[in-house]
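Reader: I've got the sequence and the coordinates open. Can you walk me through the fold, one piece at a time?

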Amino acid sequence: MNELNVIQLVNIRKRFGQQWVHDQLNLSVPAGKTTVVVGPSGVGKSVMIKYILGMLKPDSGQVLVNGHDVVTMSRTELREMRSHLGVLFQGVALFDSMTVLDNVELPLREKTTLSDAEVRQKSVDKLALVGISASDGSKFPAQLSGGMQKRVGLARALQHDPSIVLFDEPTTGLDPRTTHRIYDLLADTQHRLGYTAVIVSHDIPNVFRIADYVAILEDKKIQACVPAEEVRRADSPWARHFVETDDGGPAA
Amino acid sequence: MLTFLHSMLLDFVEGLGKRAIATVTKLGRWGVFSSHALAGAVSRPFRRGIIGREIIIIGAESLSIIALTGFFTGMVLGLQGYHTLTKFGSEAVLGQGVIITLLSELGPVMSALLLTGRAGSALCAQIGVMRNSEQIDALECMGIETYNYLISPKLVAGLISLPILSLVFCAAGVYGGYLAGCVLLNANPGYYFDGMKSAVSGDPALLRMCLVKSVFFAFVVVTVCAFHGHEVDRQPVKGASGVSKATTEAVVVSSVSILVWDYLLSCILI
């Protein structure tokens, strides 16, 4: 494995029923950078995230996380591997029966031996990092706006200082202004904490501004993985590829 | 015509075969799910706090409905029993009849059926919604053992609660039978309670049957309902409709299983 690539998908093939979702899909994610995977809806971007988390196995191929193949891991190994990952789900997946603070505290209460006071302090700090005040900690997720829920989800994902954070459509359902704020927040936390970020999104071209690399998933495989400057440069072929498309598909 | 009938018959047999395979496969998945839930119950960490909360939701909040149903079931037993036994001049054994029926059958079975309707359906819907909204995925992604955290505490709470609820049902039934048989119909209260005492003390298997059945039914109710919620993403319809369908299936399967297993357990324990 290339030491710089913390995640590698190698020759992945997967089909649901008779339909092939991925065929010879390959992707390498460099450490400490933000890699954005774009593609049309229904092309299997979220499925890729599930491979990395070990929640879905490809029919063939390797999913390497820090050099270890997720496909062949036992349940215990998977739990251990996942404790180094953070995930922000498309629907945030906050526990609706818990308060904001309880949600953010949960990973630490479950996976560490920190005292109650330490857990509380770290949780308040993480909430502050994403711009949520301690006074909002006693609210339930349903009492928060979509943007605030995303922030709390991010605080929870970052709680155990993961080296890799996966974002599944992090701005779905948000208005443009909140979307920009969330992107700023992702870029800021990534810069401060130095984690490897994988973002799957079809929010083109907005998502490009926080990307270091852009991978284009189309026609069952990664067609290209290029530095973000290339898709941001107006005269590049990749920029033209996305011009005036809002679903991540090629320009007509 | 003959070819058409032949083709219809083949389709019927093929459909039957597919359904049988699907049922056996589902049964296998339930077996795996249940064994994980059991393993989660005996593995660390032992979640006293969550189990306590679940006992309140599954057990304590079911107390009033169980007691009320038990009381009226006892009244019916007292009424019917008195009129039937009077025909044979045997109203003195009314107490024995009521307690044997309550402990061996109605207590555990009715409590389990009520638990399915009240707590099992809610449990299935809760897990189904958590599955749909990726909350269970989130737990797994945090490296938290889902069974140990989410399913097993409900199972332990059910295993503790249902035997107690069955006994509450029987106790309420005893006083319901007393009200209908002795207060309203003039059966002898001394015979009524003495008969009960002698039936219970003379046959320890009676109480054992009530408790064994309750424990077994609790296992069935919790695992069947939780399993259907956990598998909500396999439903042909998604979202709220999927949760609704899974909940309906859970209640039906759990109720039928209770009655089937009641007969089998009675054959073994009697």
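Reader: Let's start with the sheet in chain A: in what order do its six strands come?
Author: Keep in mind that this is a predicted model. The sheet is open and its pairing is mixed. Going across chain A, the strand order is 6-7-8-3-9-10.

Reader: And which strands of chain A stand at the edges?
Author: An edge strand here has a single partner strand, so one side of it is left without a neighbour in the sheet. From one strand to the next, the twist averages 15 degrees. The strands at the edges in chain A are strand 6 (85-88) and strand 10 (221-227).

Reader: What about strand 7 of chain A: how many bridges pair it with strand 8, and which residue of strand 8 partners A:V165?
Author: Strand 7 and strand 8 of chain A also pair, in the parallel sense, over five bridges. The bridge partner of A:V165 in strand 8 of chain A is A:A197.

Reader: How many of the six residues of strand 8 of chain A are buried?
Author: Take the two faces in turn. On one side A:T196, A:V198 and A:V200 are buried, and on the other A:A197, A:I199 and A:S201 are buried, so both faces of strand 8 of chain A are covered. Strand 8 of chain A is therefore largely enclosed by the rest of the structure, and its buried count is six of the six.

Reader: At about what angle to strand 7 does helix 1 of chain A run?
Author: Helix 1 (residues 45-53) of chain A lies across strand 3, strand 6, strand 7, strand 8, strand 9 (213-218) and strand 10 of chain A. Its angle to strand 7 of chain A is about 150 degrees.

Reader: Now helix 6 of chain A: how far apart are its end C-alpha atoms?
Author: Helix 6 of chain A has 18 residues, 176-193. At 1.5 Å a residue, the helix should span 26 Å. The model agrees, with the end C-alpha atoms 26 Å apart.

Reader: What arc do the buried residues of helix 6 of chain A cover?
Author: The buried residues include A:T178, A:I182, A:L185, A:L186 and A:T189. An α-helix has 3.6 residues a turn, so residues three or four places apart point the same way.

Reader: Which exposed residues does the opposite face of helix 6 of chain A carry?
Author: The buried side of helix 6 of chain A is covered by elements including helix 4 (116-129), helix 5 (146-158) and strand 3 (34-38) of chain A. The face turned away from the buried side carries the exposed residues A:P176, A:R177, A:H191 and A:R192.

Reader: Which residue caps the N-terminal end of helix 6 of chain A?
Author: Look for a side-chain oxygen 3.1 Å from the backbone nitrogen of A:R177. The cap is A:D175.

Reader: Which peptide bond of chain B is cis?
Author: Chain A has a cis bond too, from A:I204 to A:P205, with omega near 5 degrees, and A:P205 is in the loop between strand 8 and strand 9 of chain A. In chain B, look in the loop between helix 1 (2-42) and helix 2 (48-59), where B:P45 lies. Omega there is about -5 degrees, and the cis bond joins B:R44 and B:P45.

Reader: What is the relative accessible area of A:D161, a residue with positive phi?
Author: A:D161 is in the loop between helix 5 and strand 7 of chain A, and its phi is about 50 degrees although it is not a glycine. A:D161 is partly exposed, with a relative accessible area of 47%.

Methods
Residues numbered from 1 in each chain as written. Chains lettered and ligands numbered in written order. Predicted model: local features only at pLDDT ≥ 70, side-chain atom pairs only at ≥ 80, totals over all residues. Heavy atoms only, no water. Helix = DSSP H or I, 4+ residues; strand = E, 2+ residues; numbered from the N terminus. Expected span 1.5 Å × (residues − 1). Buried < 20%, exposed > 50% of the residue type's maximum accessible area, 1.4 Å probe, protein only. Contact = heavy atoms within 4.5 Å. Polar contact = N/O pair within 3.5 Å; in protein donor to acceptor, adjacent residues only side chain to side chain. Pairing = 2+ DSSP bridges. Axes fitted to C-alpha atoms, helices over the stretch in contact; angles between N-to-C directions.
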